[in-house]
Amino acid sequence: MKKEFEDEDDDLEMIDLEETDSRSASPSAEEDYEEEDEDEDEEDEDDGKAKYFHIALLSTIVILIISAAIILIRWNQGSEFIIDIDPNENYDVESEDYRVDFNPNRVEGYVDDGVQNIVILGDSSIAHCTDETGIAALIAEKTGANVTALALPESTIALQEPSYTIEYAEDAFNLYYVGVSICGGEMGDYSLLFSALSNIENNGDYYNYWDALHVIDFDTVDTLIISYGVEDYIAARPLIGEEVYSQQIYGLENSVAGALDDVIELLQQRFPYMQIIVSSPSFCLVEDEDGNFVGGDTHNTGIGTLGDYVVNMKYVAMQQSVAFVDNYFLPNYNASDYESYLEENGRYPNAEGREIIADHIVEFIYQPETTAQ
């Protein structure tokens, strides 16, 4: 046992006092603590800056979300946003006319008789005023042409029913059947219109229409103006038929596009010398379900606004390569500037409004160069 202890003593190391002194010269525990404390302060400061940055960022996001939510709620509730606009200030409105380079001299067999004959087929927009201040009379005065207006107060482009029935005898005097009658035979075939007269109550206007229509020789007509749309809009006639076919791409004739497309094609085939112009309705006010007068540009009848009817009429005209004169987006007579140009009922143009429309149609017809747009 003694030997073992001796061996253990041999393993003991002697402590070098110089080494101990060098250790005591290193930084004390207090200095180490101070450095650590400074590092912690710097870290706390960095953490504080990051914390404030995240708080600021989060606050900004919250504010944006709240603002967006408020705007969305107001939008969905239809809140009124007031825009400060001077109603007396003039705004640029560009007419959507579509011109076609039509020259009857290019059609083989055409002979110019030296007389300019214009026929207007129309609805209430033409029929409501037939005196010297009416659109037809003004066109005649401004051009020297022979102008005949054939219009009925409630006539439409589209038919009430897909095929004629005596229950809707007035259908015979809507544009489609009138066009078919004009194209039938050498002087037209107006038997359907004549037979329908006995099934129409208060048929005085219809009889006068038939009486004037059936004696016109359309082979001598230079320009045919189709001026409809208001009554189709008010009656909520469909723009496109429910069923379409390869030969009737817009559906049957109880739709606006279907009837207009078919009748234009028939007229073009029968009268290749005749210039056909589709004339749009002008801006008007209509009565809504509550009896209030509202603008046709915003009131939807269930099919569309008046502007939707105008657009569809133009599209059909373009597809059939016939001209389209736009009376809806007139520079001085439109949804933003109409009070001076409508009659008291808001439905029809007054004398000043009719003057503007007549001037526009005359300028359109007699512009020296008519090139397709």
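Which residues do ring pairs link into a cluster? The cluster consists of Tyr164, Tyr176 and Tyr177. The model under discussion is predicted, and its protein chain contains twelve helices and seven strands.

- Of the 373 residues in the protein chain, 38% count as buried.
- The accessible surface of the chain amounts to about 22,300 Å², and carbon and sulfur atoms account for 50% of that area.
- Where contacts join residues at least 6 apart in sequence, 70% of them connect residues at least 24 apart.

**Aromatic pairs**

- Twelve aromatic pairs are found in a search of the whole structure.
- Tyrosine 164 and tyrosine 177 make an edge-to-face pair, with 6.2 Å from centre to centre and 90 degrees between the planes.
- Because tyrosine 164 belongs to the loop between E2 and helix H6 (175-183) while tyrosine 177 belongs to helix H6, this pair ties together parts that are 13 residues apart in sequence.
- Tyrosine 164 is partly exposed at a relative accessible area of 22%, whereas tyrosine 177 is buried at 12%.
- Phenylalanine 173 and tyrosine 209 have ring centres 5.9 Å apart and planes at 75 degrees, and their pair is therefore edge-to-face.
- This second pair links distant parts of the chain, 36 residues apart: phenylalanine 173 lies in the loop between E2 and H6, and tyrosine 209 lies in helix H8 (residues 204-213).
- Both partners count as buried, phenylalanine 173 with 0% relative accessibility and tyrosine 209 with 4%.

**The largest nonpolar core**

- The largest nonpolar core has 84 residues, and those touching the most other members are Leu121, Phe173, Ile182, Tyr209, Leu213, Phe218 and Leu267.
- Helix H10 (residues 256-270) supplies the largest share of this core, namely seven residues.
- Leaving aside residues up to four places away in sequence, isoleucine 182 touches Leu121, Gly188, Tyr190, Leu213, Phe218, Leu267 and Phe271.

- Six of the six residues of strand E1 (residues 117-122) are buried.
- In a regular strand, side chains alternate between the two faces of the sheet.
- Both faces of E1 are covered, with Asn117, Val119 and Leu121 buried on one side and Ile118, Ile120 and Gly122 buried on the other.
- E1 runs parallel to strand E2 (residues 146-151), to which six bridges join it; glycine 122 has alanine 151 of E2 as its bridge partner.
- E1 also runs parallel to strand E3 (residues 223-227), through five bridges, and leucine 121 stands opposite isoleucine 226 in E3.

Notes. Residues are numbered from 1 along each chain as its sequence is written. This is a predicted model: local features need pLDDT of at least 70, side-chain atom pairs count only at pLDDT 80 or more; totals for chains, interfaces and linings use all residues. Side-chain values use heavy atoms; hydrogens and water are left out. A nonpolar core is a set of buried Ala, Val, Leu, Ile, Met, Phe, Trp, Tyr and Cys residues joined through side-chain atoms within 4.5 Å. Buried means under 20% relative accessible area, exposed over 50%, partly exposed in between (1.4 Å probe, protein chains only). Helices (H or I, at least four residues) and strands (E, at least two) are DSSP runs, numbered from the N terminus. Contact means heavy atoms within 4.5 Å. Accessible areas come from the Shrake-Rupley method with a 1.4 Å probe; for residues, only the protein chains shown count as cover. Two strands pair if DSSP finds at least two bridges between them. Rings of Phe, Tyr and Trp (its six-membered ring) pair if their centres lie within 6.5 Å; planes under 30 degrees apart count as stacked, over 60 as edge-to-face and the rest as tilted.
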